[in-house]
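Here is a quick tour of a protein model, written for someone who likes to know the cut-offs. Have the viewer open while you read.

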Amino acid sequence: MALAKDPGVVQEQRDAADQNFDYMFKLLIIGNSSVGKTSFLFRYADDSFTSAFVSTVGIDFKVKTIYRNEKRVKLQIWDTAGQERYRTITTAYYRGAMGFLLMYDITSQESFCAVQDWATQIKTYSWDNAQVVLVGNKLDLEDDRQVPTADAQKLATELGFQFFEASAKDNINVKQVFDKLVDVICEKMNETVNGDASPATNQKGDSLKESPNKRQGGCAC
């Protein structure tokens, strides 16, 4: 007797093979190890969550097709390893990515201090107009918070990033994060097509402008 396939796997295979779409965007989720990148992706793509921590080896991806502004958008979402030893592998995938979810853990000041370094990685290895959303994950652990919302919002503003706090476990702002990233990518595309973009958008790091008060060592705290 043939075993029934997981419906989520079947849907993902259909999405991957489906060529009927208006746009296809390559997105990357980056950030320190253990901030919840894989859990965040699984919550969005499969609406599933597990508390078991399994470190991503190298890089993995999922495909999801959504509708935004009457357009069918196919998302190829790459989940990257946060460990330093995989950095050479993962940065090779930055080129061609149209959007990034830069994630930290609100209960880990260390992961937040690394945000500036990750932003520099994006600026160095990605294309000029890549859009970024800064995501403070694990909002369900509010009692253990180490990173004030105001500090994260301030840094996001300085870097020119969108900002959300979210929880993969409680499914808070997960869909909203991806929707916002897709929307800002579409807006940037429309500006470029219509010729309305300012000259700065054609220079490296338009949405990655560094804070004039950038701290030494890449720490944002």
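Predicted model: local features only at pLDDT ≥ 70, side-chain atom pairs only at ≥ 80, totals over all residues.

Residues are numbered from 1 along each chain as its sequence is written, and side-chain values use heavy atoms, with hydrogens and water left out.

The average pLDDT (the predictor's confidence in each residue, from 0 to 100) is 79 for the protein chain, and 69% of the residues score at least 70. Residues 1-12 stay under 50, and the model gives them 6 contacts beyond four places in sequence; contact here means heavy atoms within 4.5 Å. Residues 196-218 are also below 50 in pLDDT, with 46 contacts in the model beyond near neighbours in sequence.

## The overall layout

The protein chain has 7 helices and 6 strands. Helices (H or I, at least four residues) and strands (E, at least two) are DSSP runs, numbered from the N terminus. Read from that end, the order is α-β-α-β-β-α-β-α-α-β-α-β-α. Of the contacts with a separation of 6 or more, 78% link residues 24 or more positions apart.

Of the 221 residues, 48% are buried; buried means under 20% relative accessible area, exposed over 50%, and partly exposed in between (1.4 Å probe, protein chains only). The protein chain exposes about 11200 Å², with carbon and sulfur atoms supplying 50% of that. These areas come from the Shrake-Rupley method with a 1.4 Å probe, and for residues only the protein chains shown count as cover.

## Two nonpolar cores

A nonpolar core is a set of buried Ala, Val, Leu, Ile, Met, Phe, Trp, Tyr and Cys residues joined through side-chain atoms within 4.5 Å. The largest one has 27 residues, and Phe25, Phe40 and Leu75 touch the most other members. Two or more residues each come from E1, helix H2 (37-46), strand E3 (71-80), strand E4 (99-105), strand E5 (131-137) and helix H7 (174-194). H7 gives the most, with 8 residues. Apart from this core lies another of 26 residues, including Ile106 and Val147.

Leucine 75 has contacts outside its four-place neighbourhood in sequence with Phe25, Leu27, Tyr44, Lys62, Val63, Lys64, Ile66 and Val182. Isoleucine 30 sits in strand E1 (residues 23-31) and is buried, with a relative accessible area of 0%. Beyond four places in sequence, isoleucine 30 touches a list of residues that includes Lys37, Tyr94, Trp118 and Ile122.

Glycine 136 stands opposite glutamate 165 in E6. From E5 the chain passes through helix H6 (residues 149-159) to E6, a right-handed β-α-β crossover. Right-handed means that, with the strands pointing away from the viewer, the path from the first strand over the helix to the second runs clockwise.

Most residues other than glycine have a negative phi. Lysine 138, in the loop between E5 and H6, has a positive phi of about 75 degrees and is partly exposed at 22% relative accessibility. Asparagine 171, in the loop between E6 and H7, has a positive phi of about 55 degrees and is partly exposed at 41%.

Methods: Pairing = 2+ DSSP bridges.
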